[in-house]
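Subject: Handover of a structure

Dear colleague,

Please find below the structure that I am passing on to you, together with its sequence. I would be grateful if you could look through it before reading the notes.

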Amino acid sequence: MTTRNRIYFIGFSGAGKSAVGRRTAQLLGWTFADADERIVARAGKPVERIFAEDGEPAFRALERAVIAEFAAEERVVVSTGAGSVMHDQSLGGMLASGLVVALEARPETIYRRLSHAAETEGAEAMVRPMLQADDALGRIESLKRERQAAYALAHWTVHTDGLAVEQAASEVVRAWRRFGAPSAWENDPALAATVTVDSGAYPVFVGWETLEADLGRRLAESGFSGRAYIICDGNVVHPYGRAAQRSLHAAGIEMGLFTFPAGEESKSLATAAVLCEWLAKCRAERGDVIVAVGGGVVGDLAGYVAATFLRGVRLVQVPTSLTAMVDSAIGGKTGVDLPAAKNMVGAFHHPAMVLADVSALRTLPERALREGWAEAIKHGFALEAPLVDFYERNAGALLALDPGLTTEAVARNAAVKARIVSADERETSGLRRLLNYGHTIGHGVEAAAGYGAYLHGEAVAIGMTGAARLGMAEGVTPSGVAERQASLLAQFGLPQSYANVAPEAILDAMSRDKKTTAGQISWVFLDGVGSAVSRRGVPQEAVERVVRELGE
Ligand SMILES: NC(=O)c1ccc[n+]([C@@H]2O[C@H](COP(=O)([O-])OP(=O)(O)OC[C@H]3O[C@@H](n4cnc5c(N)ncnc54)[C@H](O)[C@@H]3O)[C@@H](O)[C@H]2O)c1
Ligand SMILES: [Zn+2]
């Protein structure tokens, strides 16, 4: 949706469009307008006479023209006539130029409200015949049903049955802040995605050789005026930590830089404590920002520090590994490992901005690059079929880090992750869980082999292979899908079987994974390319057989 300073209310008569619209306008300090009143003013006669004398098409044409007028006005809340959604072009004009909010209410509620209004102030002309019908409630129900498909196109729906006008209006203001507020970065050509979560929205910028040119500039443009604390590891401080430093310096932002030893072992409470003490010594304040420059280890650790130091300071993610660019830097999961298990202590803390300079992949060790592709391939098979076509067409160029195509691949992956996180921020609807495709067996292999024997992405590739076979055995995954996946994984040099690990150890690690609920593993299978589904109750014998076969 293009985000603009306009809110349109649609919905049935009696759903509260005028009252809630007026109050919403007051809360935002905007103007309130009634579309029907504007039509009447333009026509110079009441709605009934337009219908009677000029016919419905003339009314709808006027309505379209009036919506086009609103689309050119700023900071306006519009209450539309009950039937305006029945005209594709009117609704299309609204959807393209503002936030469309549908107010919903049950037929009984509508009937009650309209009867009350009819008694007290005389209902509008269009409503009276409806109320006078023999079966008024039935008439409301059937009219509502006709329009339901159109109402469902709204960006946001508020059910007003149990709500006072004030509550409904604040709900709408909240929705506008979340989905509609225009952002400074909206037209930025480097914008790959916007992540929209409860705490606000943030941009993901993806480009080639952009770190030094853009980091400081973008922070300064966002109105930031505090100090920056760059956190990176020993492998990325040269050149990326230093480039970040120069970029901030050029933008006039004061900064400090901390480097810790590279590697998963650093992702610990102990390193987090060291970082917090460093920040305290620097007298870092709530208005400052932590800039995480590095792979997933830096991002998770610095993110966890940002989530907890002073109960939360601003965070900017500058991912330098492929895994971090397509996965860990986006989505707000931060944390550290305990000796017992990875990612055991953590917090949700979204960055204020993600800036991925894809050219950093030129120095990433080849094995780390390949494992990053595993997650990217996973995004395609689980959620976005066109990505799979794109990889198949461009595998060679992507592996050779062609600047344009690799940047496009990262940007498209960032967009997939951003879309899923925005729709299911905390993994409550089940959507975000689909990103775990390949991870059930993958985590088992990773843990049983001893961390490091298989890199995470390699284990995920083995896990995707296992999930495809299990999905086939369960009659969910078509064999053609499994074949396409196998050949793409092979093209990117990713493993599809394991060696030197006991299958029992993998099965044991799987049963201890935190993703099981009530002892049952919830599996993610493909029922098509780009289409993941979750399934419970998969027979243990089938799981055991597939896990064993993966080792042969
Ligand atoms: N938060 C999340 O949602 C999420 C998602 C996936 C993974 N993760 C976490 O991310 C971590 C894995 O991420 P990773 O693979 O980036 O690990 P990593 O940060 O350890 O990076 C891999 C190696 O590459 C080096 N490196 C990074 N960028 C480089 C570059 N441009 N040039 C040269 N060297 C570079 C690092 O120093 C490290 O040695 C794990 O801890 C995992 O748990 C988190
Ligand atoms: Zn993963």
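Predicted model: local features only at pLDDT ≥ 70, side-chain atom pairs only at ≥ 80, totals over all residues.

The chain as a whole

The protein chain has 552 residues, of which 45% count as buried. Its secondary structure consists of 22 helices and 16 strands. The C-alpha trace spans about 80 × 60 × 40 Å along its principal axes. Among contacts with a separation of 6 or more, 76% are made by residues 24 or more positions apart.

Domains

The domain assignment divides the protein chain into domain 1 (6-180), domain 2 (191-364) and domain 3 (423-550). Between the C-alpha centres of domain 2 and domain 3 there is a distance of 30 Å. Five residues from domain 2 and four residues from domain 3 take part in the contact. On the side of domain 2 that touches domain 3, two residues are nonpolar, one is polar and two are charged.

In general, the strands of a sheet pair through backbone hydrogen bonds, in either a parallel or an antiparallel manner. Here, five strands form an open sheet with parallel pairing, and their order is E2-E3-E1-E4-E5. Strand E2 (31-34) and strand E5 (156-159) stand at the edges; each has a single partner strand, so one side of each is left without a neighbour in the sheet. On average, neighbouring strands of this sheet are turned by 25° against each other, direction ignored.

E2 runs parallel to strand E3 (residues 76-79), and four bridges join the two. Alanine 33 has valine 78 in E3 as its bridge partner. Helix H1 (residues 17-28) packs on the sheet, where it touches strand E1 (6-11), E2, E3 and strand E4 (99-104). The direction of H1 makes about 175° with that of E3.

The surroundings of ligand 1

Which residues are the closest to ligand 1? They are Asn235, Gly295, Gly296, Ser321 and Ser328, within a shell of 26 residues that surround the ligand. Helix H13 (296-308) and helix H14 (322-328) are the elements that give two or more residues to this shell. By class, the shell holds eight nonpolar, 11 polar and seven charged residues.

With kind regards

Note on methods
Residues numbered from 1 in each chain as written. Chains lettered and ligands numbered in written order. Near = placed C-beta within 6 Å. Nonpolar A, V, L, I, M, F, W, Y, C, P; charged D, E, K, R; others polar. Buried ≥ 20, exposed ≤ 12 C-beta atoms within 10 Å, placed from the backbone. Contact = placed C-beta atoms within 7 Å. Pairing = 2+ DSSP bridges. Axes fitted to C-alpha atoms, helices over the stretch in contact; angles between N-to-C directions. Domains from an automatic or database assignment.
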